[in-house]
Amino acid sequence: MKKWLLPLLATTLFAVGCEDKSVTQNLQQNNKDSEVKNLKNNELTQVTVIAPWELNSLHPTQSGVIFQRMNLAETLVEANEQGELMPGLATEWQSNEDATEWTFTLRDAVFHNGEKVNAQTVAKNLNLLMSQPSILQKAFIQEISAVSENQVKFKLTKSFVPFPSFLPHYSTIILANEAFNEKNEVVKLIGTGAFKATKVEAPQKIEAVRFEQYWGDKPNVIHANYLASSRSETRVLMAQSDATSLVFNLDTASVARLKTDPNLTVTSGSIARTIQMKMDAAKPFFKDLTIRQALSQAINRKAIAEQVLKIKDGAA
């Protein structure tokens, strides 16, 4: 899955491709030295990601998407922008002949508390996930077990070739044993990502620092923070006032205005989504099928997509 800070792992340039939301990045050159706190040894001191999504819980099914995108925790398998599977905490995987058993080999990595990643910890995480509503319950899994220190085996109830494609999902991030209490509830955020959480203040804030023992490429950003702000107007002000900000998901009116600001770079990408208008068929007026069909025909979907949502050549 694409990570918000991934472009900053190998470069300190303020250029990023947004996969699905409107993004603004403050490039205010006139106060860059004071607000960005300089580039030292080709390193950027701090970046703050500002988005509307609150931290409702430390559990991966609730906030795992934030932890994954902020490079705080990782999954066994990742996917690139083309949807192709890539190694994550697992370096390779293979199945038996009929694809009912899958074995994943783990890389040499450590959690942010120094604990070594091993098959037992991975199996524990995913078995706990299996015990509640999650994407893994749709993957025909019968058993998850550690077969060695660095290999995890999944036994399925049926042949299922696409099985590895379920594992990049954010809910399958792997956390250290110390992240769980005696009731197996997640009480700490301890992952393996390129950034280590130093403070979590639900529901709004995460502070993180570069993890020097990270197994992959080291970020050129030292501090990476996350701030949840539900109001688009507030996020716009932050984009204009904070040179370290990377702001996601702005309303269309704000995007149009910010594009005129020479100190900002705005990147916008369309995503697939559905907007529904529901009618109460229990009401006498809507009981008539022809009335409902007439209302449907009266809606100019293309105009809404292009003029209200500002999606050029938008289909509806």
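1. Exposure terms first. A residue is buried under 20% relative accessible area, exposed over 50%, and partly exposed in between, with a 1.4 Å probe and protein chains only. At 24% relative accessibility, Trp93 therefore counts as partly exposed. Phe104 is buried, because its relative accessible area is 0%.

2. Basis of the note. This is a predicted model: local features need pLDDT of at least 70, side-chain atom pairs count only at pLDDT 80 or more, and totals for chains, interfaces and linings use all residues. Residues are numbered from 1 along each chain as its sequence is written, and side-chain values use heavy atoms, with hydrogens and water left out.

3. Overall make-up. The chain has eight helices and 14 strands. These are DSSP runs, numbered from the N terminus: helices are H or I with at least four residues, strands are E with at least two. Of the 316 residues, 43% count as buried. The chain exposes about 16,400 Å², and carbon and sulfur atoms supply 49% of that area. Accessible areas come from the Shrake-Rupley method with a 1.4 Å probe; for residues, only the protein chains shown count as cover.

4. Contact range. Contact means heavy atoms within 4.5 Å. Take the contacts in the chain between residues at least 6 apart in sequence: 61% of them join residues at least 24 apart.

5. The sheet. Four strands form an open sheet, ordered β6-β7-β9-β8, with antiparallel pairing. Its edge strands are β6 (90–95) and β8 (141–148), each of which pairs on one side only. From one strand to the next, the twist averages 20°. Two strands pair if DSSP finds at least two bridges between them. Strands of a sheet pair through backbone hydrogen bonds, either parallel or antiparallel.

6. β8 pairs with β9 (residues 151–156) in the antiparallel sense, over six bridges. Which residue in β9 is the bridge partner of Ile141? The partner is Leu156.

7. Helix α3 (residues 119–130) lies across β7 (101–106), β8 and β9, and runs at about 165° to β8. For such angles, axes are lines fitted to C-alpha atoms, for helices over the stretch in contact; angles run from 0 to 180 degrees between N-to-C directions.

8. Aromatic pairs. Rings of Phe, Tyr and Trp (its six-membered ring) pair if their centres lie within 6.5 Å; planes under 30 degrees apart count as stacked, over 60 as edge-to-face and the rest as tilted. By this rule the count is nine aromatic pairs. Trp93 and Phe104 are stacked, because their ring centres are 5.9 Å apart and their planes lie at 25°. This pair links distant parts of the chain: Trp93 is in strand β6 and Phe104 in strand β7, 11 residues apart. Ring pairs also join Trp93, Trp102, Phe104, Phe154 and Phe163 into a cluster.

9. Tyr214 and Trp215. Their rings form a tilted pair, 5.1 Å centre to centre and with 40° between the planes. Tyr214 counts as buried at 9% relative accessibility. Trp215 is partly exposed, at 30% relative accessible area. Trp215 also has a charge over its ring: the charged end of Arg107 sits 3.7 Å from the ring centre. The rule here is NZ of Lys or CZ of Arg within 6 Å of the ring centre and within 35 degrees of the ring normal.

10. Phe140. This residue is in the loop between α3 and β8. Phe140 has a positive phi of about 60°, although it is not a glycine. Is Phe140 buried or partly exposed? Its relative accessible area is 31%, so Phe140 is partly exposed. Lys158 lies over the face of Phe140, at 4.6 Å from the ring centre.

11. Ala99. Another positive phi of about 60° belongs to Ala99, again not a glycine. Ala99 lies in the loop between β6 and β7. At 5% relative accessibility, Ala99 counts as buried.

12. Cis bond. The peptide bond from Ala202 to Pro203 is cis, with omega near 10°. Pro203 sits in the loop between β10 (195–201) and β11 (205–210).

13. Ser63. This serine lies in helix α2 (residues 60–69). Ser63 is buried, with a relative accessible area of 1%. Not counting residues up to four places away in sequence, Ser63 touches Glu54, Leu55, Asn56 and Ser57.
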